[in-house]
Amino acid sequence: MPYIPHTAEDVRAMLDRIGVKSIDDLFDEIPKDLRIDSLPGVPAALSEMEVARLVSARAAADGRPLNFIGAGAYEHHIPAPVWALATRGEIYSAYTPYQAEASQGTLQIMYEYQSMIAGLTAMDVSNASLYDGASALAEACLMSVRAHRRSKSARILVPTTVNPTWRKVARVITEGQGLVLEEMPFCAEDGTTIPKSLARYDGQDITAIIIQQPNFFGQLEDVDALTRWARAHGALIIAAVNPVSLALLSPPGEWGDGGADIACGEAQPFGVPLSSGGPYVGFMATRLEHVRQMPGRIAGCTVDLDGKRGFTLTLQAREQHIRRGKATSNICTNQGLLMTAATIYLSLLGPVGLERVASACVARTAELVSALAGLPGVRAAFTGPRFHEAVLQLDRPVGQVLDSLAAEGIIGGHDLARDYPELGHALLVCATETRTVEDIAAYGRALGRVLGRQAAA
Amino acid sequence: MSNIPNDLRYTKSHEWLRSLPDGSIEIGISDHAQAALGDLVFVEVPEAGRVLAAGDACAVVESVKAASDVYSPVGGAVIAGNELLATQPELINTDPYGQGWILRLRPSGDAADLLDAKAYAAEVAAAG
């Protein structure tokens, strides 16, 4: 689509045609006191050359540190074709196009993406993506309340092993609609939610329970037992899953007796680089019986008048442009570009490739834990199986250790002090397939030096 | 010209009501409404036991081009939703006053502002 800027003459001609003196007059309806004339804190414009110089200098200040931080966004290898293809002009768009059926290629990508997400999660149907994992979880909460018509409480159980940022986002998005998110503690020994602790909710009206797998600590929850409790007590199950882990772990659709009702999460690990917190891409899938309560766009496969295979947006009567105020969500688009990258990533790797990535993550993290937890003053906080993250407990505040590691070019992990003060000096570390044995050894040596030096000081 | 049976009462929002011998009320949407919506693909009916106030949205009828709420013209407790519609939403298109009924409820009061067949026909004609 060409971008053609207007000349001053073009603007004048348009204003004259509609009989308006200036562009400002078009905004007359906005009261004066709601307008601002200047943007305090925004510096004056720079030339392209100056901006390039400034941004290069900022990027260089980051250096090329070795990264051991996960906590919701993960560094994975991205095969070169992913972005070479995703940035081609034919498909380079952030959104579902308007008059979507005119863009058959885009709809086909959406359909392929949905098919792969549905396959990975073992759910019946996927939407064409949401903004990010956190907002996908919030949408899943809202959806569960709509889908569970017999439940009147809008109470959702949220283990504190769920990503704390996601919990905050879900709370902010849902509290205005009367949802009650009730947090549940975790077992201090293995860092997971104890299925037996759900007994205190027996007989109560619980709309849904969120189960994150692997949980924020990287630990594996007893998803089957938690799902069985929810099924037996009439609560829906919202699965928040790391999609890479699904190459190894049982998918939400097969949890417990009958599986989860909604699966959601963050698809950033599929070909999307770490980028200062975003943009990322949320996914959501569900069982067919709930499809009309699912937010977001859905591409369907059909045949045209000549009987040829074609793609179309389907079930649009749920959506805002048709259903107005009673739509399932205010989301009327998808995270198109990153969904495209994820689709290309998955089709390049295939099931075998993704399983290799996931297995390598598990192996590297196990090596990382054994390398670090052997150092004096460092121990693994939890027992039990984990995926590609682990909590370590240090003998001193984590912040100062991370600062010293950063000075040695190592991003050592995520400090849990703010969100989990009860864990003491706890550090969340992650190693994906991108970390080599040498990287892990380098981290071990650096941490040993830092701890020894600080102890001596 | 749409079919508007004389023995039913109607609302301006195109629901019909039938008083059953046991005092309960059956509700559906008119022939005119189903024709305007087009082929129905999904109907959400209320569950038994739900208590409705007059004017509450009690069901959703979805066609390929629109989804609309069905409003209960009278308050009461739902006795049953038409479960057949879950798999055969087209019954509303083919038999809007018979097999295409949407819900039955036990009314808790009188319905206000109902139209007889003649008045409803005039309403439909006026809306063009």
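Predicted model: local features only at pLDDT ≥ 70, side-chain atom pairs only at ≥ 80, totals over all residues.
Residues are numbered from 1 along each chain as its sequence is written, and chains are lettered from A and ligands numbered from 1 in the order in which they are written.

Chain B contains four helices and nine strands; these are DSSP runs numbered from the N terminus, with helices being H or I of at least four residues and strands E of at least two. Read from the N terminus, the order of elements is β-β-β-α-β-β-β-β-β-α-α-β-α. The C-alpha trace of chain B spans about 35 × 30 × 25 Å along its principal axes.

Of the 128 residues of chain B, 39% count as buried. A residue is buried if 20 or more other C-beta atoms lie within 10 Å of its own, exposed if 12 or fewer, and partly exposed in between, with C-beta atoms placed from the backbone. Among contacts in chain B between residues at least 6 apart in sequence, 65% join residues at least 24 apart; a contact requires C-beta atoms, placed from the backbone, to lie within 7 Å.

Within chain B, β4, β6 and β7 form an open antiparallel sheet in the order β4-β6-β7, where pairing requires that DSSP find at least two bridges between two strands. Strands β4 (40-44) and β7 (67-71) of chain B stand at the edges, each with a single partner strand, so one side of each has no neighbour in the sheet. Four bridges join β4(B) to the antiparallel strand β6 (residues 57-63) of chain B. L40(B) has S63(B) in β6(B) as its bridge partner.

Between the chains, five residues of chain B are in contact with six residues of chain A. The chain B side of this contact has three nonpolar, no polar and two charged residues; Ala, Val, Leu, Ile, Met, Phe, Trp, Tyr, Cys and Pro count as nonpolar, Asp, Glu, Lys and Arg as charged, and the others, Gly among them, as polar.

In chain A, T207(A) lies in the loop between β4 (180-184) and β5 (208-213). T207(A) counts as buried because it has 24 C-beta neighbours inside 10 Å.

Definitions and conventions:
Contact = placed C-beta atoms within 7 Å.
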